[in-house]
Amino acid sequence: MFNSLIFFQRTCSLFVSEGTAFLAALLFAIHPLHTEAVTGVVGRAEILSSFFYLLTFLSYTSATSKRSTTDWFWFSISLVLVALATFSKEQGITVVGLCCTYDLFILQKASLYFSAVT
């Protein structure tokens with residue numbers, strides 16, 4: 001439940017309108033793929049890892065929200081949360097790639113457009 005709320009209030013709201021964010025969070029909450037994580041005891045690691053994963057991304061976006069400077073407090077929090085996500089489940093380390101992609105394409109406004117040199 002917390003993961004769905006974080007996904008709705010923070011993550012989706014960064015990129016899309018509130019109505020679209022609500023629909024995305026609703027799909028995230030009721031998708032049948034998530035029932036495996038809830039029903040088994042081993043699934044707690046997936047839920048915990050996704051919780052730290054989302055919090056890591058949100059703390060990273062808070063750290064880089066100011067264009068000219070980096071908020072080092074939120075950046076250090078995101079490093080701790082990366083470690084917690086990774087210790088919960090190995091796939092938690094992929095949040096580093098997500099943060100790099102966010103930094104490159106959203107903050108630095110890089111594009112995948114390549115022009116042909118003539």
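Phe15 is found in the loop between helix α1 (2-11) and helix α2 (18-30), in a model that is predicted.

## Overall build and confidence

The protein chain has 6 helices and 0 strands, and a reading along the sequence gives the pattern α-α-α-α-α-α. Of the 118 residues in the protein chain, 27% are buried. When contacts between residues at least 6 apart in sequence are considered, 59% of them join residues at least 24 apart.

The mean pLDDT of the protein chain is 82, and 85% of the residues score at least 70. Among the elements, helix α5 (residues 72-88) has the highest mean pLDDT, at 95, whereas helix α3 (residues 35-39) has the lowest, at 57. Where pLDDT is low, the predicted coordinates should not be read in detail.

## Spans annotated in the record

An unreviewed UniProt entry places the feature "transmembrane region" at residues 12-31, 37-60 and 72-88. In the model, the span of residues 12-31 is 65% helix and 0% strand, and its end C-alpha atoms lie 16 Å apart. The span of residues 72-88, by comparison, is 100% helix and 0% strand, with its end C-alpha atoms 24 Å apart.

Side chains of opposite charge can pair when their charged atoms come close. In this model the count comes to 1 salt bridge, in which the side chains of Glu46 and Lys89 meet at 3.9 Å, N to O. The pair links distant parts of the chain, with Glu46 in helix α4 and Lys89 in the loop between α5 and α6 (95-107), 43 residues apart.

Helix α4, in which Glu46 lies, covers residues 44-63. Glu46 counts as partly exposed because its relative accessibility is 38%, and Lys89 counts as partly exposed because its value is 26%. Glu46 can also be placed relative to Glu90, which is 44 residues away along the chain, while the C-alpha atoms of Glu46 and Glu90 are separated by 9.6 Å.

Val82 lies in helix α5, the element with the highest mean pLDDT. Val82 has a relative accessibility of 14%, and because buried means under 20%, Val82 counts as buried.

When residues up to four places away in sequence are not counted, Val82 touches Thr56, Ile93, Val95 and Val96.

How values were computed: Residues are numbered from 1 along each chain as its sequence is written. This is a predicted model: local features need pLDDT of at least 70, side-chain atom pairs count only at pLDDT 80 or more; totals for chains, interfaces and linings use all residues. Side-chain values use heavy atoms; hydrogens and water are left out. pLDDT is the predictor's confidence in each residue, from 0 to 100. Helices (H or I, at least four residues) and strands (E, at least two) are DSSP runs, numbered from the N terminus. UniProt positions are given in the numbering used here, feature names are shortened, and annotations may be inferred rather than shown by experiment. Buried means under 20% relative accessible area, exposed over 50%, partly exposed in between (1.4 Å probe, protein chains only). Contact means heavy atoms within 4.5 Å. A salt bridge is a side-chain nitrogen of Lys or Arg within 4 Å of a carboxyl oxygen of Asp or Glu.
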